[in-house]
Amino acid sequence: MSFSLELKNGDLGLSGTSLGTVVNAAKLQQDLVCAILTPLGFEELHPEFGSILEEDLINPTTTILGTRDFNHAAAIVRSELLRICQNYQAQQIARNENDAIKFGKPTLTPEEILLRVVSVNFVAAEDHLLCKLTLEIGNDTLEVNIPVSQ
């Protein structure tokens, strides 16, 4: 099993007197949100980590989400979310292979493995484009809601 430090509103979360951690589906969700909110290319050693949507989420009036063309904005968001998920799957495969060599077994649990993207759905609500990313993980599904200003 792997874990990440818990993030709450951009800060490290606490669990009593220790730093909080997230595991399983919560880890997967947090990892994907971090990828969405990190500018593409920000990490020098991982230039494909991050998203072009980061600027859209922070300043939507000057980017693709500031447009009134709902279909165009949804197509760009959908393709970027699929790219991020594909990169995450590739990272998980590489990690599982390395862990199997190093530890003699994979260390990821079924609840944290992204099997496939089931759907990416959009709803326009007032001045927001609501996006629901549905993922198949282990023996379950995970829904990640991504509110995007429009």
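**Close-up views of a predicted model**

**Figure 1. The chain is built from three helices and nine strands.** This is a predicted model, so let us start with the overall layout. Following the sequence, the elements run β-β-β-β-β-β-α-α-α-β-β-β. The chain has 150 residues, and 34% of them count as buried. Of the contacts between residues at least 6 apart in sequence, 41% link residues at least 24 apart.

**Figure 2. Glu48 sits in the loop between helix H1 (24-37) and helix H2 (53-58).** Is this residue buried or exposed? Glu48 counts as exposed because its relative accessibility is 57%, and the cut-off for that class is over 50%. Setting aside neighbours within four places in sequence, Glu48 is in contact with Leu40, Arg83 and Asn87. Glu48 and Ile84 are separated by 36 residues in sequence, while their C-alpha atoms lie 8.8 Å apart.

**Figure 3. The largest pocket holds about 600 Å³ of space.** Here we turn to its lining, which is made up of 20 residues. Those nearest the centre of the pocket are His46, Phe49, Asn87, Tyr88 and Gln91. The elements giving two or more residues to this lining are H1 and helix H3 (70-103).

**Figure 4. H3 contributes the most to the lining of the largest pocket.** Eight lining residues come from H3.

Technical notes:
Residues are numbered from 1 along each chain as its sequence is written. This is a predicted model: local features need pLDDT of at least 70, side-chain atom pairs count only at pLDDT 80 or more; totals for chains, interfaces and linings use all residues. Side-chain values use heavy atoms; hydrogens and water are left out. Helices (H or I, at least four residues) and strands (E, at least two) are DSSP runs, numbered from the N terminus. Buried means under 20% relative accessible area, exposed over 50%, partly exposed in between (1.4 Å probe, protein chains only). Contact means heavy atoms within 4.5 Å. On a 1 Å grid over the protein atoms alone, a cavity is a set of points where a 1.4 Å probe fits but cannot get out, and a pocket is an open set with protein on both sides within 12 Å along at least five of seven lines; lining residues have an atom within 4 Å of a point. Grid points are joined across faces, edges and corners, and a volume is the space filled by probe spheres set on the points.
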